[in-house]
Amino acid sequence: MVDLNKGSGYLYGAGAPRPPIAEAVSAAIDTALSARNRAERPRTYVSSSGLGRDCLRQIQYDFLAVPKDEGHEFAPRTLRIFEAGHRAEDIVAGWFRIAGFDLRTERPDGRQFGFEALGGRFKGHIDGCLVSGPVAMDYPALWENKALGAASWKDVVKRGVSLARPVYAAQIALYQAYMELPAPALFTALNRDTMELHAELVPFDAHLAQEMSDRAVAVVRASEAGEWLPRMAAEPTAVLCRGGMAAGKWHAPCAWAERCWGERRPGNAPVERFSRERAEPQP
Ligand code: SF4
């Protein structure tokens, strides 16, 4: 890099230098966030939030809390984004309430509404249920909210949640089925950058709900039997594994790619076995 203004400290091509206090505060917070994340007990159930991902093997790694490849743990910035997303839910719920909607988001004991199946090995927790409101729509209706960056938000507005974010659509269908809320769900998406709110009704897709429910059963049953489910890609260079856009759909890099392809057997047959211990609840 070239220092075009000798002695100024500004280097062309580099961002504006951050004052030491900004670096120090960020470092302290990031360390604490990462430590908190590491201390969280891994989930011991298949979560409805990730069932719409393409690769069953990936969902199984997640279910079994198999350690991610080195460098693939959530970065502190990602942890901040997740937390902002959770809190955005409370903000949007508050907007619904002051607008006159009867929105139920938690039980009297403060826990989220949700469902569980397969002896607690398959669970989902809903954002809320709209019981009544000033807008003409069918009640009661499932409410599902996401906070999105500007580009993702625009894509959802343009193409609708089912096409733009099929993983969310799968989650919604499962909630409608298991919570017995067959009316069209109200999906809202908050633009994290501009605070614009998108809303759309999502009709119940019984076929999608059944397909996702069957996937949860497959993941749990295979895990109980000590078998790996098949990879959904033929090669580690597939977009599904390394990340990127394919057929208008974004795939994050798989956090278990090295482990997955490092364990490959001739013919790509799903013959590997594993220890069930990881799937057992931690004491
Ligand atoms: S690396 Fe590819 S095939 Fe393996 S679990 Fe991840 S997405 Fe599936």
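Guide: Let's start with a term: on a 1 Å grid over the protein atoms alone, a cavity is a set of points where a 1.4 Å probe fits but cannot get out. A molecule sits in one if more than half of its atoms lie within 2 Å of its grid points. In this predicted model, the space taken by the ligand is the largest cavity.

Visitor: What should I know about the model itself?

Guide: It is a predicted model, in which local features need pLDDT of at least 70 and side-chain atom pairs count only at pLDDT 80 or more, while totals for chains, interfaces and linings use all residues. Residues are numbered from 1 along each chain as its sequence is written, and side-chain values use heavy atoms, with hydrogens and water left out.

Visitor: Which residues are around the ligand?

Guide: A residue is near a molecule if one of its heavy atoms lies within 4 Å of it. The residues around the ligand include Cys55, Arg57, Gln58, Tyr61, Cys241, Cys254, Cys260 and Trp261. Elements giving two or more residues to this shell are α2 (56–63), α8 (239–242) and α9 (257–262). Helices are DSSP runs of H or I with at least four residues, strands are runs of E with at least two, and both are numbered from the N terminus.

Visitor: What makes α2 mostly covered?

Guide: Buried means under 20% relative accessible area, exposed means over 50%, and partly exposed is in between, with a 1.4 Å probe and protein chains only. By that rule, 7 of the 8 residues of α2 are buried, among them Arg57, Gln58 and Tyr61. Their cover includes β1 (46–47), α7 (206–224) and α9.

Visitor: Why is Ser34 called buried?

Guide: Its relative accessibility is 16%, so Ser34 falls on the buried side of the cut-off. Ser34 belongs to helix α1 (residues 20–39). Contact means heavy atoms within 4.5 Å, and beyond its neighbours within four places in sequence, Ser34 is in contact with Pro76 and Leu79.

Visitor: What makes Ala65 and Glu180 worth a look?

Guide: Most residues other than glycine have a negative phi, and most peptide bonds are trans. Ala65, not a glycine, has a positive phi of about 50 degrees, and Glu180, also not a glycine, has one of about 55 degrees. Ala65 sits in the loop between α2 and α3 (76–98), and Glu180 in the loop between α6 (166–178) and β7 (185–191).

Visitor: How do you know whether Ala65 is exposed or partly exposed?

Guide: Its relative accessible area is 28%, so Ala65 is partly exposed. Glu180 has 66%, and is therefore exposed.

Visitor: Which peptide bond is called cis?

Guide: The one joining Tyr139 and Pro140, where omega is about -5 degrees. Pro140 lies in the loop between β5 (128–132) and β6 (141–148).

Terms used. On a 1 Å grid over the protein atoms alone, a cavity is a set of points where a 1.4 Å probe fits but cannot get out, and a pocket is an open set with protein on both sides within 12 Å along at least five of seven lines; lining residues have an atom within 4 Å of a point.
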